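The sequence and structure come first.

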Amino acid sequence: MILKLVGDACNINCYYCYEKRKPYAGYDKLSLETVARLLDLADGRPLSLEMHGGEPLLYGMEATSGLLRLLRGYPGNVSLSVQTNATMLTPAWFDLFAEEWPEIDIGISLDGDPEANRSRVDYRDRSTSEHVHQALELAAERRLAVGLISTVTKDVSLRPEETLDFVARFEAVKAVKFSPCFDFNVMPKRIPVGNRETMLPLLPKGEEHAGWAITPLEFSAFLVRAYDHWRGTGLFRRFLLEPFTSVIRVLAGRDTRFCHFTEQKCAFVLTLYPDGRLGSCDELGVPDGLLGTVHDLPSLAAATSLVTNPSLRTGLDELLDKCTDCDYRQTCGGGCLATRLRYRNSAFYEDYCTHRIEIIDHIAADIAGERAAREH
């Protein structure tokens, strides 16, 4: 479950932010009463919760402390994580997490070195890189392990080796996930005045995609180079790297929690918004992924079965029909259905499947070559 603590409110203005495209009613905080109702619906089942935004640290330390105490009182098992842009991640925040929930998983967003990180700016178009670097150093001083999410924009796609080498400088980073910026014909909901001059030339015109976006085949080309560098330099000993870790696991016949490579898709991820709306995976957004509100749903089963949004269930089922006779069904798992829904009827729909096949084949060939070398 993703908890949108402050909706789309954020202290920085990433050009590619998909939260700013959602029809939020306005800035609001997720109330403890709404979270308590969600926990009642969960009825003691194990939960994996992620504090998210916007920027979740805008929730404030006092409110966060109250939220963590509420979660501690839940009768079932709870694993907790926070996904932050890290610009507000001070020693005081680390102290709060250490006291209230020491086992929390901390995820930090950073696209790479300052050159690759150019789309992550504040509302005056200034780089946010240095603040994130400081937070990563603080984490290392406290001997914490953090995960990194890097959005692969056009800038990042041209610098796979430099990006990985830069990430490796931070001792606290133990896992990295590359998330493709597959923005097809998008328009941000609003452009802050301070960013208009920079952003306007990057916005899509006609059938073009946004200047920060990449195509599926550009992503697979990036991943091939990134994989070879990760393997060839021994960086695989320093940190796990998605999607490679999941591809390796499924090729070995093992399970992965990464939904892009399993049959556990959008119904296995729920998103709670500040006004009590409950949606499917937040990449589906609202209203398309809306399943109801925590105040009118009789149980979580009504949400996870998607019975409250039959058109969504039908649409997702239709997408998976394409996978039925595919030779890569077991290793691919169907990919991200939210992305495939956006790409349907576009020039990139078939390319999306092709890019996944390319990276699976590349890793499979490397594993086979490694095995053959050992046997001889």
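## Helix pair H8 and H14

Helices H8 and H14 are roughly parallel to each other, because an angle under 35 degrees counts as roughly parallel and their axes cross at roughly 20°. The model is a predicted one. Helix H8 covers residues 216–232 and helix H14 covers residues 349–375, and their axes come within 8 Å. The crossing of H8 past H14 is right-handed.

On the H8 side, the contact is made by Pro216, Leu217, Phe219, Ser220, Leu223, Val224, Tyr227, Asp228 and Arg231. H14 contributes Asp351, Tyr352, Thr354, His355, Glu358, Ile359, His362, Ile363, Asp366 and Glu370. Sorted by class, the residues in the contact of H8 with H14 are nine nonpolar, four polar and six charged.

## The ten-stranded sheet

Ten strands form an open sheet with mixed pairing, in the order E7-E6-E5-E4-E3-E2-E1-E8-E9-E10. Its edge strands are E7 (240–242) and E10 (290–293), each of which pairs on one side only.

## Strand pairings within the sheet

Strand E5 (residues 146–152) and strand E6 (residues 173–180) are parallel and share seven bridges.

Ile2 has Thr271 as its bridge partner in E8.

Strand E4 spans 105–109 and helix H4 spans 129–141; Asp113 lies in the loop between them. Is Asp113 buried or exposed? Its relative accessibility is 8%, and the cut-off for buried is under 20%, so Asp113 counts as buried.

Which residues is Asp113 in contact with, leaving aside its neighbours within four places in sequence? They are Arg159, Glu162 and Phe166.

Key:
Residues numbered from 1 in each chain as written. Predicted model: local features only at pLDDT ≥ 70, side-chain atom pairs only at ≥ 80, totals over all residues. Heavy atoms only, no water. Helix = DSSP H or I, 4+ residues; strand = E, 2+ residues; numbered from the N terminus. Buried < 20%, exposed > 50% of the residue type's maximum accessible area, 1.4 Å probe, protein only. Contact = heavy atoms within 4.5 Å. Pairing = 2+ DSSP bridges. Axes fitted to C-alpha atoms, helices over the stretch in contact; angles between N-to-C directions. Parallel < 35°, antiparallel > 145°, perpendicular 65-115°, else oblique. Left-handed = near helix turned anticlockwise from the far one by under 90°. Nonpolar A, V, L, I, M, F, W, Y, C, P; charged D, E, K, R; others polar.
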